[in-house]
Amino acid sequence: SSLARFFASHPRRVVEAPFGVDTDLFCPGPSVRARFSLQEGARVLAFVGGLDRAHAFKGLPDLLQALQRLPVETELIIVGDGDLRQTYEELAEMLDVRRRTHFLGRVEAETLRDVYRSAELFVFPSTSRAEAFGLAALEAEACGLPVVASDLPGVRTVVLHGETGLLVPPSQPHALADAIQRLLDDEPLRQTFSANAASHAKGLSWDAHTDTLLTTYRDVCALPS
């Protein structure tokens, strides 16, 4: 596209100001697992995304197939709703993981925050470049949650491979399951990623976003800071 050619020809004239996250709301805090009907001793994963045809690229079928490969104590909280919800519930039943999946539908922001805080990992298995950023993954990181995500250009801004989580090839449930299991098995690594994730998210807060915009406007207009 013409914009891509401009970016390549004039990299110094391009300033990236990613979407921000509300780090006052989405921040580390106590787990509240009791409200989500999780089994005692469960290893908890979280997924957030539209369960409709427009968001089919979010990759929930891949995640359900990955869940099938994981130990039975692994459970999945799914936040989101849409016209494919019944289809996904039926797929979970067919894969024999329905008892380990918790479809919450749409939730308030505070409940979403509590989902992040009650999980051990956030999983972001998008399947195409239609995933241009990944705000849910950033919210999860702001709550101190490591992320296992698909290795896509838009996702790499949010999930730093080997620092805040792990990136895997899209549409490969076995690779997704392996990465999830690796982090569930390695608590020290998970804790390191957790601290890194919360720190990384602070750099992508709305305050940081606004500061970037103001600095850019001042530079363009040659206004004193």
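These legends accompany several close-up views of a predicted model.

The numbering starts at 1 in each chain, following the sequence as written, and the model is predicted, with local features needing pLDDT of at least 70, side-chain atom pairs counting only at pLDDT 80 or more, and totals for chains, interfaces and linings using all residues. Side-chain values are based on heavy atoms, without hydrogens or water.

**View 1. Helix H2 meets helix H3.** Let's start with H2 (residues 60-69) and H3 (residues 85-94), whose axes come within 10 Å and cross at roughly 20°. That angle makes H2 roughly parallel to H3; angles under 35 degrees count as roughly parallel, over 145 as roughly antiparallel, 65 to 115 as roughly perpendicular and the rest as oblique. Axes here are lines fitted to C-alpha atoms, for helices over the stretch in contact, and the angles run from 0 to 180 degrees between N-to-C directions. Helices are DSSP runs (H or I, at least four residues), numbered from the N terminus. Look for Leu60, Pro61 and Leu64 of H2 against Tyr88, Leu91 and Ala92 of H3, where contact means heavy atoms within 4.5 Å. This contact has six nonpolar, no polar and no charged residues; Ala, Val, Leu, Ile, Met, Phe, Trp, Tyr, Cys and Pro count as nonpolar, Asp, Glu, Lys and Arg as charged, and the others, Gly among them, as polar.

**View 2. Helix H2 crosses helix H7.** The axes of H2 and H7 come within 8 Å and cross at roughly 60°, so the two helices are oblique to each other. From H2, the contact draws on Asp62, Leu63, Gln65, Ala66 and Arg69, and from H7 on Pro173, His174, Leu176, Ala177 and Ile180. Sorted by class, the residues of this contact are six nonpolar, two polar and two charged.

**View 3. Helix H7 crosses helix H8.** Here the axes of H7 (residues 173-185) and H8 come within 5 Å and cross at roughly 100°. The two helices are therefore roughly perpendicular to each other. Arg182, Leu183, Leu184 and Asp185 of H7 meet Glu187, Leu189, Arg190 and Phe193 of H8. The contact of H7 with H8 divides into four nonpolar, no polar and four charged residues.

**View 4. The largest pocket and its lining.** Its volume is about 220 Å³, taken as the space filled by probe spheres set on grid points joined across faces, edges and corners. On a 1 Å grid over the protein atoms alone, a pocket is an open set with protein on both sides within 12 Å along at least five of seven lines, a cavity is a set of points where a 1.4 Å probe fits but cannot get out, and lining residues have an atom within 4 Å of a point. Of the 13 lining residues, Ala119, Gly144, Leu145, Gln191 and Ser194 lie nearest the centre of the largest pocket. H8 (187-202) gives the largest share of this lining, three residues.

**View 5. The largest cavity.** The structure holds one cavity of 30 Å³ or more, and the largest cavity contains about 30 Å³ of space. Among its lining residues are Asp62, Pro173 and Leu176. The lining of the largest cavity has five nonpolar, three polar and one charged residues.
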